[in-house]
Amino acid sequence: MVIQKNKILVVDDSQTYLTLYKSLLSPLYDVKAVDSAELLMLSLETETPDLILLDVQMPICNGYQAARIIRNSRHKDIPFIFISVNTNYEDEMEGLSLGALDYIFKPFNNKLLLRRIETHLSLIEHKKDLDSLMGIMHSMVVAKTDQLWKLQNAVLNIIADLVESRDRVTGGHVARTQKYLACLIDTMKEKGIYLDEIAAWDMNYLVPSSQLHDVGKIAIPDSILNKPARLTPEEFTIIKRHVDIGVEAISNMELMSDDHNFLKYAKIFAGTHHEKWDGSGYPNGLSGLDIPLEGRIMAIADVYDALVSKRPYMDAISSKEAEQIILGDRGTHFDPVLVDVFMDVSDCFAKIAAESTEEDHSR
């Protein structure tokens, strides 16, 4: 079987660099090289590359100007990377603000350039897969009858299972976090905690929607998602993108749907479960009550499950140890009121974790 190579269009007015790009990239990719923005636009009329490497400093029409033209044309979805001799912060920020995937400085390290291109192309391919899956899912979420809701929920399970099948270190995570959330919410209602917000929730959709909190991980390369060691800062930056990718996918579904609460909840879970009470989380640095309640409860469930689950680079710890870590982060990582609720139901959490472990061993 012939493997189709990714197409890369290189734009640089330096013949020296064009020769280097061809030599470096041609063994791995289908490379076309042009020396001006004008030839770039002509090329796009006849073929669509998977990625554009775009030099910034070019005569007549520089890389920034070319990017603006592309973004206002029918070619606006073609991803591109700026490569430039300009190494100051302002130029890099301008390039990224134009929608570039990356901004690489000249002279570059050949191996590092290849690795970054490989990573971005992998992310692009996984995002296409995610969009396709979201399209399938959308077809299942437009009806409101009980029978179709059961079918929709089954699709949610399938997508969540698909994400977990790629993330080998978090098997069962989605199912357990749903149970943790139910445990927390039931006790919050019993104790009268955050009742106004809970009363506004549609409980038929809320907990099932949490299955999509990590759906963006489907667009993260396997080499990072299943790395048997701690991530480098660059890799951690990439894996953090799963939040924005997940939110974008769910938002696209919302635009095509009518009044589906579970999509609203799913987007909140996906977008806020890594925010922290003290504002040091991501992606938006929200703090305190500005973090939606859904995100604040998911943060506890998500972290607890990570602590009591074995990872390639870290052994699982006991439920009691996990309790103490969460208690120690009361008022920093976690909502202090919710940590108090968690401590009241810690035995429920421990039982859920233990039952999951027993099921794994019996398989």
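# Reading contacts and folds in a predicted model

Q: Let's start with a charge and a ring: over the face of which residue does K240 lie?
A: K240 lies over the face of Y282, at 5.2 Å from the ring centre. The general idea is that a charge sits over a ring if NZ of Lys or CZ of Arg is within 6 Å of the ring centre and within 35 degrees of the ring normal. R296 gives another case here, its charged end sitting over the ring of Y194 at 4.9 Å from the centre.

Q: What should I keep in mind about the coordinates and the numbering?
A: This is a predicted model, where local features need pLDDT of at least 70 and side-chain atom pairs count only at pLDDT 80 or more, while totals for chains, interfaces and linings use all residues. Residues are numbered from 1 along each chain as its sequence is written, and side-chain values use heavy atoms, with hydrogens and water left out.

Q: How many helices and strands does the protein chain have?
A: Helices (H or I, at least four residues) and strands (E, at least two) are DSSP runs, numbered from the N terminus. The protein chain has 17 helices and five strands.

Q: What share of the residues count as buried?
A: Buried means under 20% relative accessible area, exposed over 50%, and partly exposed in between (1.4 Å probe, protein chains only). Of the 363 residues of the protein chain, 48% count as buried. Accessible areas come from the Shrake-Rupley method with a 1.4 Å probe, and for residues only the protein chains shown count as cover. The chain exposes about 17800 Å², with carbon and sulfur atoms supplying 53% of it.

Q: How many salt bridges does the structure hold?
A: A salt bridge is a side-chain nitrogen of Lys or Arg within 4 Å of a carboxyl oxygen of Asp or Glu. The structure holds 14 of them. One of these joins the side chains of D55 and K106, at 3.2 Å from N to O. This pair links distant parts of the chain, 51 residues apart: D55 is in strand β3 (residues 51-55), and K106 is in the loop between β5 (102-105) and α5 (110-138). D55 counts as buried at 4% relative accessibility, and K106 also counts as buried, at 9%. A network of salt bridges links D12, D55 and K106.

Q: Which partner does D344 meet in a salt bridge?
A: D344 meets K191, at 3.4 Å from N to O. D344 lies in helix α16 (residues 336-344) and K191 in helix α7 (residues 173-191), so the pair ties together parts that are 153 residues apart in sequence. K191 is partly exposed, with a relative accessible area of 46%.

Q: How many disulfides does a search of the whole structure find?
A: A disulfide is a pair of cysteine sulfur atoms within 2.5 Å. The search finds one, formed by C183 and C348 with their sulfur atoms 2.4 Å apart. C183 lies in helix α7 and C348 in helix α17 (residues 346-362), so the bond ties together parts that are 165 residues apart in sequence. C183 is buried at 10%, whereas C348 is partly exposed at 29%.

Q: How many aromatic pairs are there?
A: Rings of Phe, Tyr and Trp (its six-membered ring) pair if their centres lie within 6.5 Å; planes under 30 degrees apart count as stacked, over 60 as edge-to-face and the rest as tilted. There are 13 pairs here. F80 and F82 form an edge-to-face pair, 5.2 Å centre to centre with 75° between the planes, and both residues are buried. Y103 and F105 are also edge-to-face, at 5.6 Å and 70°. Y103 is buried at 2%, while F105 is partly exposed at 29%. Y64, F80, F82, Y103 and F105 form one aromatic cluster.

Q: Which residues have a positive phi although they are not glycine?
A: I60 is one of them, with phi about 70°. I60 is found in the loop between β3 and α3 (63-71) and counts as exposed at 89% relative accessibility. Y194 also has a positive phi, about 55°, and its place is in the loop between α7 and α8 (195-199).
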